[in-house]
Amino acid sequence: MSEEPELSTSDAGVDALDGPFTTRQLLRLDEALRVADQQTGLTFSVYIGDFEEPTREYAEQLHRQLDGAAKAVLVAISPNQRVLEIVTGSDARKRISDRDAKLAALSMAASFAGGDLAGGVLAGLDQLASHAGRH
């Protein structure tokens with residue numbers, strides 16, 4: 001989410017061009033990421049797009065590219081491939097267990113199945129930040 005979205009108007013309001021989220025949803029996601037970062041001292045990131053195969057290794061490669069990867073948590077989603085990966089750095093893993101990440105993933109997947117991509121990401125970020133606790 002590092003690129004500035006281009007905006008266009010549509011019958012449903014202002015939407016981010018060529019993206020799955022409206023501008024309002026992007027603003028909510030940005031706020032959720034900022035709050036999660038501030039509360040936990042970790043760095044949360046979201047990637048949405050197609051993955052290369054094998055998907056887990058691709059998500060781990062994306063995670064390694066993040067600044068401060070040891071304290072980073074990446075939520076990587078490929079709606080077209082129906083893949084969700086949560087990758088935690090070595091420091092973040094001490095605070096977010098695999099079980100915690102799986103619970104957040106299950107919650108996100110339930111929202112995604114109901115057609116709510118943004119809501120699923122927001123819920124997942126909130127759960128992961130809650131599991132990580134305050135720093």
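Which elements make a right-handed β-α-β unit?

**View 1. The β-α-β unit of this predicted model.** Here β3, helix α2 (residues 55-64) and β4 make the right-handed unit; right-handed means that, with the strands pointing away from the viewer, the path from the first strand over the helix to the second runs clockwise. Helices (H or I, at least four residues) and strands (E, at least two) are DSSP runs, numbered from the N terminus. β3 and β4 run parallel and are joined by 6 bridges, where pairing takes at least two DSSP bridges. Look for Phe44, whose bridge partner in β4 is Val73.

**View 2. The largest nonpolar core.** This core has 27 residues, and Phe44, Val73, Ile86, Ile96, Leu125 and Leu128 touch the most other members. A nonpolar core is a set of buried Ala, Val, Leu, Ile, Met, Phe, Trp, Tyr and Cys residues joined through side-chain atoms within 4.5 Å, buried being under 20% relative accessible area (1.4 Å probe, protein chains only). α5 (117-132) gives the most, with 8 residues.

**View 3. Around Ile96.** Beyond its neighbours within four places in sequence, Ile96 is in contact (heavy atoms within 4.5 Å) with partners including Leu42, Phe44, Val73 and Leu128.

Residues are numbered from 1 along each chain as its sequence is written. In this predicted model local features need pLDDT of at least 70, side-chain atom pairs count only at pLDDT 80 or more, totals for chains, interfaces and linings use all residues, and side-chain values use heavy atoms, leaving out hydrogens and water.

Key
Buried means under 20% relative accessible area, exposed over 50%, partly exposed in between (1.4 Å probe, protein chains only).
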